[in-house]
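Good morning, everyone, and thank you for making time for this. Please take a look at the structure on the screen, and I will then talk you through its pockets and one of its helices.

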Amino acid sequence: MIRHFSVAAGADRRSQVGIGVVGYGYWGPNLVRNFAEQPDARMVAVCDARTERLNSVAIRHPSVGVTDDFQDLLNAPDIDAIAVATPSKSHYSLARQALLAGKHVLVEKPMTQTSEQAEELVELADRRGLVLMVDHTFAYTGSVQKIRELVNNNELGRLYYWDSVRVNLGLFQQDVSVLDDLAVHDLSIMDHVLGMLPEAVAATGVAHVPGRPVNTAYLTCYFATDMLAHFHVNWLSPVKVRRTLIGGDRRMVVYDDNEPSEKVKVYDSGITVGEDEDRRIELKIGYRAGDVWAPKLPLDEALNVETAHFVECIRESKVPRTDGRAGWRVVRILETAARSLAEHGRPIEISWSPAVTKSDVATPGSAA
């Protein structure tokens with residue numbers, strides 16, 4: 001049974017989207033706080049197995065109900081949507097139960113452990129006319145939106161490479177590798193920005209702690225074009241690095257999420273290839289170093305933008321920016337990377353079903 005400590009006042013509850021959150025560990029408190037701030041939503045209840053966490057909810061959000069039984073969220077008539085913020089191994093089961101109960105779902109990343117599970121959730125949401133959205137938070141940052149705008153407007157020209165580094169010291173996970181924990185962020189950014197899918201994946205890595213998952217890994221995505229994407233993720237770095245370089249034949253971008261300001265810088269730099277005037281059969285490489293500029297970026301908290309978007313999609317029957325298919329695509333890449341990792345880095349092709357794509361995502365070989 002959901003326990004309520006006080007009654008929320010304010011807007012008419014009937015006009016608001018009722019939200020339930022399962023999992024109040026690392027990310028759950030952020031979701032609850034941001035949903036509580038949405039004028040078109042109402043935080044109804046939080047579910048967690050630990051009593052001390054539920055007591056924390058009661059202190060911070062006295063108007064929000066608490067329960068240790070997930071079934072209470074499923075049965076609550078005033079809960080329209082459920083956000084799943086539990087360990088990844090439970091995402092599929094909890095999201096599936098919520099969809100079967102007629103609830104819209106926001107699920108943490110990675111969406112599921114296998115692409116078959118992700119496909120099932122997408123199809124279930126489609127059949128029931130429910131919103132299924134994945135918490136790819138970086139897609140809601142001003143930085144990533146600006147980079148996507150630059151790519152879509154062809155400001156970078158033909159893309160050459162995507163080079164990403166995401167490293168820090170800890171936190172070692174018990175049930176997922178560093179690829180699932182860290183690379184999932186950069187894969188979700190790339191999926192949102194590029195608009196095309198890799199046709200093959202190769203991954204190498206090592207587990208330095210016996211009995212634990214891989215803690216250092218390198219992932220390469222191959223495309224039908226000559227563009228290459230590379231990701232370095234590591235739990236054993238003495239410094240925290242969050243940097244992505246994107247190179248095109250017109251301009252290049254450096255995205256440093258650790259920068260307090262000017263997170264995105266655009267470089268009017270590159271190379272020019274021409275024939276040597278004296279020896280026509282040889283090519284001459286020239287270098288271009290132009291201006292550097294930092295576009296102005298909105299300062300809104302990404303999770304606040306994301307939770308508002310989730311509520312808007314429910315109210316207006318819209319397809320989310322990071323819908324279930326986006327989560328499905330990222331899980332498919334991670335799943336293939338795990339196979340390559342087990343085979344010591346052998347490139348493995350990815351076959352994409354038309355059902356996994358949507359209007360703004362191209363199949364392999366298509367122009368970005």
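Predicted model: local features only at pLDDT ≥ 70, side-chain atom pairs only at ≥ 80, totals over all residues.

Let me begin with the largest pocket, which is lined by 46 residues, with Tyr26, Trp27, Glu108, Gln173 and Asp181 lying nearest its centre. A pocket here is an open set of points on a 1 Å grid over the protein atoms alone, where a 1.4 Å probe fits, with protein on both sides within 12 Å along at least five of seven lines, and lining residues have an atom within 4 Å of a point. Residues are numbered from 1 along each chain as its sequence is written, and side-chain values use heavy atoms, leaving out hydrogens and water.

The largest pocket holds about 1400 Å³ of space, a volume being the space filled by probe spheres set on the points. Helix H7 (178-194) is among the elements that supply at least two residues of this lining, and H7 gives the most, with five residues.

The second largest pocket has about 320 Å³ of space, and its lining of 16 residues has Ser143, Lys263, Leu297, Pro298 and Leu299 nearest the centre.

Finally, helix H8 (302-316) also supplies at least two residues to the lining of the largest pocket. Just after H8, serine 317 takes a positive phi of about 55 degrees.

Definitions and conventions
Helix = DSSP H or I, 4+ residues; strand = E, 2+ residues; numbered from the N terminus.
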